[in-house]
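Subject: Structure handover

Hello,

I am passing this structure on to you. Please look it over first; my notes follow below.

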Amino acid sequence: MSNFAKNETLKTILKRRSIRNFKLEQIKDEELLSILEAAKYAPSAMGQQPWHFTVIQSKEVIAKLNEFGKKVFLNSGVERFVEWGKAANFSLIYHAPTYIIVSGDVNAIAPVNDISLAIGNMFIAAESLGLGTVWIHAVNHLKAIDEGRKLFKELRIPEGYEPFGSLALGYNGGDIPEPAPRREGTVNIIK
Ligand SMILES: Cc1cc2nc3c(=O)[nH]c(=O)nc-3n(C[C@H](O)[C@H](O)[C@H](O)COP(=O)(O)O)c2cc1C
């Protein structure tokens with residue numbers, strides 16, 4: 001662990017890694033609620049809090065997401081994604097038991113930034129509780145297909161809101177990946 005991990009918060013931030021292997025066991029409601037509370041305390045432009053959290057734990061809804069996600073991957077034209085889409089055990093969310101779509105008010109000042117900060121808080125909160133998370137970007141592509149948009153309606157994503165990010169959440173079912181080395185030369189301190 002880095003010499004800069006001087007307190008529990010810093011340790012948690014440095015320890016967090018994207019997890020892509022989950023236990024099937026569902027997370028506890030109190031863990032979920034703590035993570036959502038952390039999200040709601042993220043900063044937002046002009047304090048608008050323009051977010052909406054859709055928590056999906058239903059196996060049927062997750063099956064639908066996988067079906068539509070597979071379609072997106074197979075039609076992506078990107079070889080790696082097409083191969084992934086063909087996998088018999090394909091799962092858009094790495095078989096996580098909980099999936100959270102975070103939508104934002106498209107007319108807010110900075111919904112993409114606000115939603116990203118809320119998700120960042122969830123990642124750190126989850127890590128602090130011993131849970132694993134990973135960003136699932138494919139939600140952005142589901143917006144591009146009819147079935148995806150219809151599903152978002154069924155999930156009661158509010159009118160005028162659009163998914164800007166999503167995450168898989170659960171107990172880590174595998175090893176904790178090593179962090180990639182940090183890129184050099186990304187900081188310029190001007191005094
Ligand atoms: C905007 C964004 C989109 C991402 N999309 C995906 C994704 O679709 N699938 C995935 O497995 N990981 C995704 N990730 C996770 C990154 O791959 C991961 O954060 C990066 O490799 C660094 O690893 P770490 O999170 O373990 O530090 C995404 C991360 C961000 C911030």
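In which loop is Met46 found? Met46 sits in the loop between α2 (29–40) and β1. Please keep in mind that this is a predicted model.

Met46 is not a glycine, yet its phi is positive, at about 55°. Met46 counts as exposed because its relative accessibility is 74%, and the cut-off for exposed is over 50%. Gln49 is found in the loop between α2 and β1 as well. The phi of Gln49 is near 45°, again a positive value in a residue other than glycine. With a relative accessibility of 47%, Gln49 counts as partly exposed.

Helix α3

Helix α3 covers residues 59–74, which makes 16 residues. From its first C-alpha to its last, α3 reaches 22 Å, close to the 22 Å expected at 1.5 Å a residue. At the N-terminal end, α3 is capped by Ser58, with a side-chain oxygen 3.3 Å from the backbone nitrogen of Glu60.

Which residues of α3 are buried? They are Val61, Ile62, Leu65, Asn66, Phe68, Gly69, Val72 and Phe73. An α-helix has 3.6 residues a turn, so residues three or four places apart point the same way. What covers the buried residues of α3 includes the strands β1 (51–56) and β2 (98–105). The cover also includes the helices α4 (79–86), α6 (139–142) and α7 (146–154).

The ligand

The residues around the ligand come from several parts of the numbering: Arg16, Arg17, Ser18 and Arg20, then Tyr94, and then Val134, Trp135, Ile136 and His137. By type, this shell divides into four nonpolar, two polar and three charged residues.

- Ser18: 2.6 Å
- Arg20: 2.7 Å
- Tyr94: 2.4 Å

How much of the ligand's accessible area does the protein cover? On its own the ligand has 620 Å² of accessible area, and the protein covers 56% of that.

That is what I have for now.

Regards

Conventions: Residues numbered from 1 in each chain as written. Predicted model: local features only at pLDDT ≥ 70, side-chain atom pairs only at ≥ 80, totals over all residues. Heavy atoms only, no water. Near = heavy atom within 4 Å. Polar contact = N/O pair within 3.5 Å; in protein donor to acceptor, adjacent residues only side chain to side chain. Areas by Shrake-Rupley, 256 points an atom, 1.4 Å probe, with all protein chains shown as cover. Nonpolar A, V, L, I, M, F, W, Y, C, P; charged D, E, K, R; others polar. Helix = DSSP H or I, 4+ residues; strand = E, 2+ residues; numbered from the N terminus. Expected span 1.5 Å × (residues − 1). Buried < 20%, exposed > 50% of the residue type's maximum accessible area, 1.4 Å probe, protein only. Contact = heavy atoms within 4.5 Å.
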